[in-house]
Amino acid sequence: MKFALAIFMGQNQTVKDNRITVIDALRGFALLGVVLVHMQQHYSIFNFGAFTPTEPAFPVLDEWIGWLTRNVLMGRFINIFAFLFGMSFFIQMDRAARKGVDFRQRFIWRMVILFLIGVVGSAFYSGDILSFYALFGLVLVLLYPLKTRVLVVVTSLILIGAPRWISFGYDKIAAPRETTVVANAPETERVRAERPRQMADVAQETPSLANTIKSNLTDGRMRTLNYQFNWGGRGYLTFALFILGLVVGRIRFFETVHLHTRRNISLFVSFAAGAWVIGRMNGLLPQEHTSFMQGITPSATALFRMTLNDVNMVLFSAAITMGFVILYHMKGIGKCLNLLTPYGRMGLTNYEAQGIIGSIIFSLWGFGSIFGRWHATELFCLGIAFYIVQVVFSRIWLTYFKYGPLEWFWRSATYLKWQPFRK
């Protein structure tokens with residue numbers, strides 16, 4: 001009787017309106033890390049020479065926040081966001097299958113719509129990743145029939161850097177040359193004058209919304225594509241997390257996660273310990289400052305360090321995930337974290353709003369002359385304030401409407417029929 005009551009109470013806390021609320025809250029929490037990192041990166045808008053540097057008001061705090069951004073937030077929270085996308089894919093496919101519906105064709109169309117949403121987002125923020133998510137989603141449809149153990153093998157191969165090592169071997173065979181490592185260096189005036197004029201230069205010299213859109217959809221997309229699939233291979237890691245989300249969805253981990261507190265704690269400790277060990281191993285290897293964006297083949301040691309870094313970040317993200325899950329199912333703290341559930345349900349709207357508003361904040365045609373001068377501490381506080389406003393807005397919005405604005409549009413376009421909007 002007690003066990004049945006515990007299951008009932010746990011499900012009442014974890015499932016609402018046929019949604020696993022801890023997933024929505026976790027998605028909302030992941031977007032906190034995303035906005036804080038992107039604020040520090042000025043949403044990829046760098047107005048070189050446009051502002052007179054100011055003296056930092058909080059130099060010590062700036063250093064701490066810089067450390068926090070690099071070693072805790074950057075790459076880790078966007079990992080969780082990608083992982084949850086893969087899990088959402090499984091949930092949609094599984095629920096349709098239970099109704100006797102093959103959702104694959106509908107999901108492909110859904111990814112086409114997401115790609116277009118991502119293109120619009122990229123016009124404002126060149127680092128927008130939704131168009132890449134849409135392409136990865138199409139590949140997930142092809143992988144969906146494969147057995148779980150095959151998916152685990154594919155994920156493991158990606159995480160150990162197989163795409164990089166294959167490319168490395170091909171370069172050695174097809175065009176053997178001495179492996180060169182170069183330090184990142186600022187672009188000199190001579191080099192700048194000799195290279196072709198780019199839209200990014202036009203956007204800097206004559207700032208306007210139109211020039212920013214042109215720059216982001218041309219040079220900006222190429223830079224993002226290079227970042228995702230060059231030697232750094234951020235895109236490969238994202239795709240591995242998509243598959244991992246699919247696998248975790250198949251074992252229905254989050255459907256009963258509230259019933260296994262001891263297991264959750266053990267997983268948290270294991271992931272955290274694994275991340276620490278891998279991080280220490282990485283720190284013992286020779287440090288090489290390699291400019292991946294210049295297309296230079298890194299050394300084998302550098303490739304090994306990239307692999308360790310990827311595994312470290314995935315384990316770190318897993319530890320954050322399990323830590324959040326544990327806290328979410330604790331009385332008191334769980335109620336506070338549940339405030340993020342509406343924010344996560346509107347994850348698409350909130351992510352795109354971050355990019356659009358971020359571009360307005362940091363562009364010269366917007367408020368860049370003000371916020372472009374801010375240092376790490378001020379930008380961190382700005383990110384927190386922006387996030388809080390979005391959390392409050394999401395709760396108010398979902399009081400009156402069934403979906404977020406973009407979520408409603410995405411759902412309506414998916415089924416080619418206007419969906420109910422107001423509650």
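**Salt bridges, core and surface of a predicted chain**

The structure is a predicted model, in which local features need pLDDT of at least 70 and side-chain atom pairs count only at pLDDT 80 or more, whereas totals for chains, interfaces and linings use all residues. Residues are numbered from 1 along each chain as its sequence is written, and side-chain values use heavy atoms, with hydrogens and water left out.

The side chain of R252 meets that of E255 in a salt bridge, with an N to O distance of 3.1 Å; a salt bridge is here a side-chain nitrogen of Lys or Arg within 4 Å of a carboxyl oxygen of Asp or Glu. E255 counts as partly exposed, at 32% relative accessibility. Both residues belong to a network of salt bridges that links D94, R98, R252 and E255. D94 counts as buried because its relative accessibility is 11%. When residues up to four places away in sequence are not counted, D94 touches Y144 and R252, a contact being defined by heavy atoms within 4.5 Å.

A search of the whole structure finds six salt bridges. One of them joins the side chains of R164 and D310, with an N to O distance of 2.7 Å, and this pair links distant parts of the chain, since R164 lies in helix α8 (residues 162-174) and D310 in helix α14 (residues 300-328), 146 residues apart. Both partners are buried, R164 with a relative accessible area of 5% and D310 at 7% relative accessibility. Another salt bridge is formed by the side chains of D102 and R104, at 2.8 Å from N to O; here D102 is exposed, with a relative accessible area of 51%, while R104 counts as partly exposed at 34%.

The chain as a whole contains 20 helices and two strands, and buried residues make up 47% of its 423 residues. Among contacts with a separation of 6 or more, 77% are accounted for by residues 24 or more positions apart. An example of a pair separated in sequence is given by A240 and L159, which are 81 residues apart along the chain but have C-alpha atoms separated by 6.9 Å. A240 lies in helix α12, residues 234-250, and is buried, with a relative accessible area of 2%. Apart from its neighbours within four places in sequence, A240 is in contact with T155, I158 and L159.

In soluble globular proteins, nonpolar side chains tend to be buried together. A nonpolar core is taken as a set of buried Ala, Val, Leu, Ile, Met, Phe, Trp, Tyr and Cys residues joined through side-chain atoms within 4.5 Å. The largest such core has 86 residues, of which L114, Y133 and F254 touch the most other members. The largest share of this core, 13 residues, comes from α4. Beyond its neighbours within four places in sequence, L114 is in contact with F85, L130, Y133, A134, L348 and W410. W410 is one of the buried residues of helix α20 (residues 405-415), together with E407, W408, S412, A413 and T414, and the cover over the buried residues of α20 includes α5, α16 (341-345) and α17 (347-362).

Just after α20, L416 takes a positive phi of about 55°. L416 also contributes to a nonpolar surface patch of about 820 Å², made with I108, W109, V112, F115, L116, V119, L135, L138 and L217. Patches consist of residues with over 30% relative accessible area and no salt bridge, with like charges joined within 9 Å and nonpolar side chains (Val, Leu, Ile, Met, Phe, Trp, Tyr) within 5 Å. Helices α5 (104-124) and α6 (130-143) each supply at least two residues of this patch, and the largest share, six residues, comes from α5. W109, found in helix α5, counts as partly exposed at 37% relative accessibility. The chain exposes about 22,000 Å², with carbon and sulfur atoms supplying 68% of it, according to the Shrake-Rupley method with a 1.4 Å probe, in which, for residues, only the protein chains shown count as cover.

How values were computed. Buried means under 20% relative accessible area, exposed over 50%, partly exposed in between (1.4 Å probe, protein chains only). Helices (H or I, at least four residues) and strands (E, at least two) are DSSP runs, numbered from the N terminus.
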